[in-house]
Amino acid sequence: MSDLDEAIELHRDALLLHSPGHSDRSSSLNNLAISLHDRFEQCGIMSDLDEAIELHRAALLLCPPGHLNRSSSLNDLALSLQERFHQRGIMSDLDEAIELNRDALLLCPPGHSDRSLSLNNLGLSLRDRFLQRGIMSDLDEAIEMHRDALLLRPPGHSNRSSSLSNLANSLRDRFLQRGIMSDLDEAIELHRDALLLRSPGHSDRSSSLNNLAISLRDRFQQHPNMSDLDEAIELHRDALLLRSPGHSDRPSSLDNLANGLRDRFLQRGIMSDIDEAIELHRDALLLHPPGHSDRSSSLSNLAASLHNRFQQRGIMSDLDESIELHRDALLLRPLTHSGRSSSLDYLALSLRDRFRQRGVQSDLHEAFSLYSQLSHLSHAASRTDLLVAKSWAAFADTLDHASALLAYQTALKFLDQQVALLSSSSHHFDVIREAVSSLATDAFSCSVRHRALTTAVELVEQGRAVFWTQLARFNTPLDELSVSGDTATALAEEFRRLSFRLRNAFDQSTEDQSPQIRQLTMQWDDVVSRIRMLPEFSRFLLPPLFSDLQKAAEDGPVVIVNASQYCCDALIVLSDQDPVHVPIDITQTEVSDLSSEFQSLIKEFGSSDTQLELVSILRKLWHHIVGPVVQALKVSNVRPGSRIWWCPTAEFALLPLHAAGAYEKKRDSLSHIYISSYTPTLATLVRARRQVSRDGSPQHFVAIGQGNPDGGRPLECVAPEVAFVAKRLAPVVSSFMRLEDSDATVKGAFDALNRNQWLHLACHGMPNRRRPFESSFAMRDGPLMIKDIIRSNWQQPQFAFLSACHTTVGDEKSPDESIHLAAAMQFSGFRSVIGSMWSVDDEVAQEVVSGFYDHLIDDSGRLDCTRAAMALHKAVKKLWRSDIPLEQRIVFVHIGV
């Protein structure tokens with residue numbers, strides 16, 4: 001330190017010789033300030049930092065606009081203010097630093113030698129503000145600043161390692177918010193690159209060791225691979241050795257090493273790991289005195305480790321201390337703090353454990369009081385906020401607490417906000433699948449048990465098919481808005497324009513949440529907010545109320561069949577009364593087993609005699625689920641021969657409810673009583689009912705047949721099937737188009753669907769269970785995929801017969817999301833769709849098609865898509881008089897109106 005102390009004294013002497021008015025005074029002020037800042041970083045003496053800030057302010061006054069050194073003076077003052085914010089947590093210091101950094105960047109246009117420095121500094125200060133206030137736009141902007149800075153620091157640049165490190169840190173933060181693994185994987189690779197550039201002896205090596213270790217620990221928590229955690233702990237030990245007592249970053253190294261040891265304790269149960277972690281956390285807390293910006297994290301970390309040790313050893317003093325530390329941490333995390341919801345969760349869970357030990361009701365009351373604060377969140381919900389809301393819901397539901405329904409409603413509101421951020425790419429589907437999990441089905445079950453049946457319908461609707469629901473918002477009809485005055489008309493036009501661009505951008509972005517998509521999403525959100533401010537439009541694009549959803553039952557009841565860990569139930573939604581509850585005598589585990597048994601059986605269809613096993617499954621469906629629903633429908637005066645709609649959730653969505661029956665002589669089956677259709681959600685059925693085509697409007701039909709697809713086996717039945725459809729319908733419709741063989745390409749199909757509203761498609765259906773958005777129809781030149789269909793903009797499509805295999809097969813891990821070909825057609829606008837649940841025999845397809853179209857034509861000689869379910873019912877009925885295998889008689893299903 002003697003060299004630095006001597007430098008400071010020399011700078012003080014120089015400043016005395018550069019009195020006010022001297023041309024070099026600003027340089028002297030600046031040089032002394034920088035040296036004081038350096039000594040603060042080594043010794044942590046706050047008076048050095050405060051003096052440095054005052055000197056930088058004085059230097060800036062001597063560098064007015066136009067001065068050659070103004071940008072560097074702005075940067076230097078900003079950096080010192082940011083450092084003081086880190087020590088004392090005063091937000092005005094950070095806000096001022098950001099404004100100074102913005103001013104400096106304006107003075108460093110592209111090509112300026114200091115541009116990368118200004119981009120870097122602004123990125124760092126925006127990230128700090130995000131960590132305090134949780135505003136995602138700050139973090140997204142920080143990432144873009146760091147990417148731009150890195151481009152200006154190619155291999156060999158002296159500051160490349162810091163740019164790599166800073167970009168990596170911001171990507172990790174975004175991973176923590178949105179859960180996109182590609183952000184974390186990229187962060188780890190960037191940190192490794194930075195570490196390679198910071199060899200032993202480099203002043204920032206400890207920082208790189210620390211940052212890489214933190215990201216490896218994050219990855220371990222997502223995918224428990226002990227090698228990631230062990231490497232993280234060794235890296236933290238190495239970093240700590242380089243941060244001796246007095247080093248400004250020593251407390252964070254102590255905390256981080258302790259967190260890694262705590263994780264290893266949770267995996268391996270070695271008590272020495274948790275004991276060491278607690279001692280390290282205590283040491284870190286001593287170095288984060290009141291006022292320090294990281295004090296809340298130190299309090300929270302020590303509290304978590306004490307809680308873990310309590311769970312292992314049962315020492316109540318550990319739990320009591322943990323609760324007090326969590327209370328102190330929460331006090332330091334205001335409503336806008338990004339870590340507040342985690343603090344609420346940790347404290348609530350600690351209070352829960354103490355209640356279980358001592359039975360003191362005030363602990364339980366306080367825990368739920370803490371959780372209820374989540375329902376008043378002021379900022380957009382993060383992934384952590386959603387996880388905490390789910391924790392609240394699970395806790396409240398287990399204890400049958402009165403706040404359980406509010407917890408589920410809060411969690412589903414947060415889910416909606418998360419999906420809105422993630423729906424620009426199918427690559428985010430895994431994150432959405434994890435976020436959704438069983439939230440909607442458990443919320444439904446909770447509502448039913450609380451006898452809130454209309455709420456049950458609203459909540460299960462809000463938490464299922466969330467990806468489709470968000471994408472469907474881009475196709476929202478705006479007829480009422482467009483005729484509500486000039487302002488409303490302008491907003492409707494802006495909404496259409498932005499929605500069109502966002503839908504077209506689906507899966508087109510090369511980088512997750514690219515700046516362009518982020519900007520579009522923010523503009524779209526702003527337009528939606530402005531529309532909601534108009535009279536009569538306050539609920540625009542908000543989750544529908546029961547009164548809206550009940551319209552799905554205008555032409556017949558909708559039966560929601562729900563499987564939850566708590567119980568299984570059915571609700572019958574009728575058009576003119578409250579829902580009817582039907583208890584179901586089966587557990588979720590039994591439904592899951594039945595579904596697995598059925599999925600295994602499907603693979604054997606056509607290759608062995610599966611009749612007995614199939615009948616056994618269909619009987620179970622009848623006795624446990626469908627039979628009781630049918631009895632309730634009869635009590636509700638739903639006459640035999642009526643249409644009903646099934647809306648199955650969870651594993652029920654993978655089972656053929658429409659084919660349930662006793663399969664014994666003189667005993668009923670469902671198909672003898674009612675005509676079944678399916679709908680993924682009630683809202684999709686409501687939307688389809690609204691899109692009524694005008695009487696007498698032209699009917700344009702296209703039949704697409706591809707019997708010789710790229711790389712697939714030939715389908716000999718396709719040509720005769722298309723020929724039959726043409727012969728039967730060409731005289732009936734306004735125009736009939738045939739697209740076959742070399743004309744049936746991906747582009748050809750899209751062009752045809754831009755001009756026709758009625759479709760018959762005969763080809764191979766190619767489900768992709770691993771990447772459901774790449775499930776496809778096989779065309780001559782390649783696959784027509786779901787993600788292509790999503791970007792379509794077809795005008796008022798009416799009906800699609802998908803004469804292909806597996807068109808209603810989605811991702812088995814997330815059946816509630818309905819990511820399959822038939823659903824894609826429905827969500828892209830088709831009101832009525834025929835699809836298949838497994839492989840279809842060629843002869844069966846032809847026989848069904850020939851019977852089907854005879855019944856689709858109404859008495860006036862026009863096609864009527866609302867007759868599709870009845871037409872399919874009658875066409876399939878003919879198959880029952882033949883020796884066709886049972887699985888082929890029940891393979892086709894109807895979805896929609």
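**Entry 1: a helix across a sheet.** I began with helix H33 (residues 746-755), which lies across S10 and S11 and runs at about 35 degrees to S11. Axes here are lines fitted to C-alpha atoms, for helices over the stretch in contact, and angles run from 0 to 180 degrees between N-to-C directions. The names follow DSSP runs, numbered from the N terminus: helices are H or I of at least four residues, strands E of at least two. A note on the source: this is a predicted model, where local features need pLDDT of at least 70 and side-chain atom pairs count only at pLDDT 80 or more, while totals for chains, interfaces and linings use all residues. Residues are numbered from 1 along each chain as its sequence is written, and side-chain values use heavy atoms, with hydrogens and water left out.

**Entry 2: the sheet itself.** What is the order of the strands in this open sheet? I read S9-S10-S11, three strands with antiparallel pairing. Strand S9 (765-766) and strand S11 (782-785) are at the edges with a single partner strand each, so one side of each has no neighbour in the sheet. Two strands pair if DSSP finds at least two bridges between them. Strand S10 (residues 776-779) is joined to S11 by four bridges, and I found Ser776 opposite Met785 in S11.

I also looked up Pro772, in the loop between S9 and S10. Pro772 counts as buried at 5% relative accessibility; buried means under 20% relative accessible area, exposed over 50% and partly exposed in between, with a 1.4 Å probe and protein chains only. Its C-alpha atom is 8.0 Å from that of Ile786, 14 residues apart along the chain.

**Entry 3: strand S4.** Next came strand S4 (residues 643-648). Is it enclosed or open? Six of its six residues are buried, so S4 is largely enclosed by the rest of the structure. I checked both faces: Arg643, Trp645 and Cys647 are buried on one side, and Ile644, Trp646 and Pro648 are buried on the other.

S4 has parallel partners. Strand S1 (residues 558-563) runs parallel to S4 and is joined to it by four bridges, with Val558 bridging to Trp645. Strand S5 (residues 675-678) is also parallel to S4, again through four bridges, and there Trp646 has Tyr678 as its bridge partner. A reminder to myself: strands of a sheet pair through backbone hydrogen bonds, either parallel or antiparallel.

**Entry 4: H11 and H12.** At what angle do the axes of helix H11 (residues 226-241) and H12 cross? I noted roughly 155 degrees, with the axes coming within 9 Å. The two helices are therefore roughly antiparallel; angles under 35 degrees count as roughly parallel, over 145 as roughly antiparallel, 65 to 115 as roughly perpendicular and the rest as oblique. H11 passes H12 in a left-handed crossing, meaning that the near helix is turned anticlockwise from the far one by less than a right angle (clockwise would be right-handed). Among the residues making the contact are Leu229, Asp230 and Ile233 of H11 and Leu257, Gly260 and Arg264 of H12; contact means heavy atoms within 4.5 Å. By class I have eight nonpolar, five polar and six charged residues. Ala, Val, Leu, Ile, Met, Phe, Trp, Tyr, Cys and Pro count as nonpolar, Asp, Glu, Lys and Arg as charged, and the others, Gly among them, as polar.

I then stopped at Gly260, in helix H12 (residues 250-268). Gly260 is buried, with a relative accessible area of 2%. Leaving aside neighbours within four places in sequence, Gly260 is in contact with Arg217, Leu229 and Ile233.

**Entry 5: H36 and H37.** Helix H36 (residues 842-856) packs on helix H37 (residues 868-879) at about 135 degrees, with the axes 8 Å apart. This pair is therefore oblique, and H36 passes H37 in a right-handed crossing. The contact includes Val848, Gly851 and Phe852 of H36 and Ala871, Leu872 and Ala875 of H37. I have ten nonpolar, two polar and three charged residues in this contact.

**Entry 6: one last residue.** His326 is buried at 1% relative accessible area. Beyond neighbours within four places in sequence, the contacts of His326 include Ser300, Tyr346 and Ser350.
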